[in-house]
Amino acid sequence: MSFNVAADAYGRFMGRFSEPLALEFLALVEPRAGQRALDVGAGPGALTAQLVARLGAGAVAAVEPSEPFVAALRERLPDADVRHGKSEQLPFDDDSFDLALAQLVVHFMSDPVAGCAEMARVTRPGGLVAASVWDYENDRSPISFFWRAALEVDPDAPGETHLPGTREGQLADYFERAGLRDVEAGALTVRVELASFDDWWEPYTLGVGPAGQYVSGLDDARREAVCARCRELLPDGPFPIESAAWVAVGRV
C-alpha cells in the first residue's frame, strides 16, 4: 500500500477528513485525564494530536509503519512516545494502556483479527479498545465519488469495498474474535466543505493510498477520463462531502 509519502501529501488527501473524524471518535470514547492512550497506525497524527491535547504528551504513545509519517509525527509531537512498527506486532508490553485506538487503519492490516488482538494485549483489563473505518459498503466514504467514477471508466479499477472492516458488522466481528467483550458498534459522520472541484481532485494525484496509487498507474488519457467523469459527478463551486465511518468499541 502506498503510504511512503510526505505527511503533507496525506494531510491534503485524507487529513481534511480524518481530523474532524478524530473529534467524533474521541467524543465517543471520552479519554480522561490520568489515562494512558495508544494510537495504532497513527499516520501524521490527526488522532494523536487530539489525544495529546486531552491527556498530555507523556500519556500518549503512537505506532506507525510509514517512516515518513513517523518522522513527521515525532517533529509535530516531540514529547509523545512515537515508534515505528506494525499493528500486528505492537512494540509495547502487555497491559500498558487504558485506551488503544485505531482510526482508519484496520482495513490496511494484513490480519485484522491479529491486529485487534494486539490492541487488546497492550490494554489493561477493563480498558477500552476502539476502531473506525470508512463505510465503503454504502458509498459513504470521502472517496466514494472517485471510485464510482473510476469503475465506470475502468471496470478493472480495484476500489476499496473488499478491504476488511469497510462493511457493517465487520469491525465488531474482528473485536469479538480478538477476545474483546461488551463490543458495541455504530457509525460516525463528518461533513467537510471543499472550495472547488480542483481542490477535491488535486490530492488524488499525490500517490496516497489505494486511490492515489491507482491514479499514479494510469496513462494520461485514462487519468483524464477518470477526472472528467469525477467532474461530471461533482459541482464546480463550493460543495460539502458528507462521510460516515463504521466504529466498534470493546472492553478488555
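Predicted model: local features only at pLDDT ≥ 70, side-chain atom pairs only at ≥ 80, totals over all residues.
A search of the whole structure returned 12 aromatic pairs. In one of them, the ring centres of Phe-13 and Tyr-204 are separated by 5.2 Å and the ring planes meet at 90°, so the arrangement is edge-to-face, given that angles over 60 degrees are assigned to that class. Phe-13 belongs to helix 1 (residues 7-29), whereas Tyr-204 is located in the loop between helix 7 (197-201) and helix 8 (209-216); the pair therefore ties together parts that lie 191 residues apart in sequence. Phe-13 has a relative accessibility of 5% and counts as buried. Tyr-204, at 2%, is likewise classed as buried.

A tilted pair is formed by Trp-200 and Trp-201, with 6.4 Å between the centres and 35° between the planes. Both of these tryptophans are buried. Phe-13, Tyr-204, Trp-200 and Trp-201 are among the members of one aromatic cluster, which also includes Phe-146, Trp-147, Phe-197 and Tyr-214. A contact of another kind involves Trp-246: Arg-140 is placed over the face of this residue, 5.4 Å from the ring centre.

The seven strands of an open sheet are arranged in the order 3-2-1-4-5-7-6, and their pairing is mixed. Strand 3 (81-84) and strand 6 (181-194) form the edges, each pairing on one side only. From one strand to the next, the twist averages 20°. Strand 4 (residues 97-103) pairs with strand 5 (residues 123-134) in the parallel sense, over six bridges. Ala-102 stands opposite Ala-131 of strand 5.

Key:
Residues numbered from 1 in each chain as written. Heavy atoms only, no water. Phe/Tyr/Trp six-rings, centres within 6.5 Å; stacked < 30°, edge-to-face > 60°. Helix = DSSP H or I, 4+ residues; strand = E, 2+ residues; numbered from the N terminus. Buried < 20%, exposed > 50% of the residue type's maximum accessible area, 1.4 Å probe, protein only. Lys NZ or Arg CZ within 6 Å of the ring centre and 35° of its normal. Pairing = 2+ DSSP bridges. Axes fitted to C-alpha atoms, helices over the stretch in contact; angles between N-to-C directions.
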